[in-house]
Amino acid sequence: LYNPSEGYASYVMLGVLLLVLQQTLLIGIGMLGGTNRERKRFHFLIPIGKKRGGTIPIVLGKSAAYLTIYAVNAIYVLGIITKFFNYPHRGDFLSIALFLLPFLLSVIFLGIGLSSIFKNREHSMLVLVFTSIPFIFFSGISWPYEAIPAWIKAIAQLIPSTPGIRGILKMELMGAPFSDTLGDWFHLWALTIVYFGFALFMLKQYIKRRNREQI
């Protein structure tokens, strides 16, 4: 109904662009974390992280830096690229920006949590590039969502790109108002809260391990 030209680019590419934002952000944060472990740059975080609630300012500080960079990337990808290649662009700027805020935050917190697992920068590339194809199928834009098994749908709800792509397609492709994406928006905020706790826990565990190694 919203793709009268029956073109691949006018439908799938909007979702792919959002997935590109997610995957490059996850890979970038993972590579930074792996590089820091290789070069042992985390020693200055140990005194802060050992304090009660000390990991909160660390996570928030890193998140603010990543969010600043990727806010610009998101504007470029969804604001300039869509117009340059004449992709559907029916959403207003404020609604898109408001929707992308929890999307970027959830991806950033997930990336910070995962970055403490990677022992070197290559690991994030090996693990996260592999997940790109499953994630695009999980979103339901290249495979009928109704045909996806229930257990895969359950896993897909934990991936920020799943509600993110749904919401962006509603606004950009279908011209839906922001109120029609509230379900996906609240879903992203729930993932933001969950992955914020995950980032705090993983960073705390990493700082404890590094502290024991120093001792």
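Student: Which residues of H3 are buried?

Tutor: The buried residues of H3 are Thr55, Ile58, Val59, Ser63, Tyr66, Tyr70, Ala74, Val77, Leu78, Ile81 and Thr82. Buried means under 20% relative accessible area, exposed means over 50%, and partly exposed lies in between, with a 1.4 Å probe and protein chains only. Please note that this is a predicted model, in which local features need pLDDT of at least 70, side-chain atom pairs count only at pLDDT 80 or more, and totals for chains, interfaces and linings use all residues. Residues are numbered from 1 along each chain as its sequence is written, and side-chain values use heavy atoms, with hydrogens and water left out.

Student: Why is lysine 62 called partly exposed?

Tutor: Lysine 62, which is placed in helix H3, has a relative accessible area of 23%. This value falls between the limits of 20% and 50%, and therefore lysine 62 is partly exposed.

Student: Why does threonine 162 count as buried?

Tutor: The relative accessibility of threonine 162 is 0%, which is under 20%, so threonine 162 counts as buried. Threonine 162 belongs to helix H8. Neighbours within four places in sequence aside, threonine 162 is in contact (heavy atoms within 4.5 Å) with Phe138, Ala156 and Gln157.

Student: What span is expected for H3, and what span does H3 reach?

Tutor: The expected span is 1.5 Å times one less than the number of residues. H3 has 30 residues, and its 42 Å from first C-alpha to last is close to the expected 44 Å.

Student: Where is the kink in H3 centred?

Tutor: The kink, of about 25°, is centred on tyrosine 76. The bend at a residue is the angle between axes fitted to the seven residues ending there and the seven starting there.

Student: What makes a set of residues a nonpolar core?

Tutor: Its members are buried Ala, Val, Leu, Ile, Met, Phe, Trp, Tyr and Cys residues joined through side-chain atoms within 4.5 Å. The largest such core here has 55 residues, and Leu18, Leu78 and Leu100 have the most contacts inside it. H4 supplies the largest share of this core, 12 residues.

Student: Which residues does leucine 100 touch?

Tutor: Residues up to four places away in sequence are not counted; leucine 100 then touches Leu18, Ala74, Leu78 and Ile168.

How values were computed: Helices (H or I, at least four residues) and strands (E, at least two) are DSSP runs, numbered from the N terminus.
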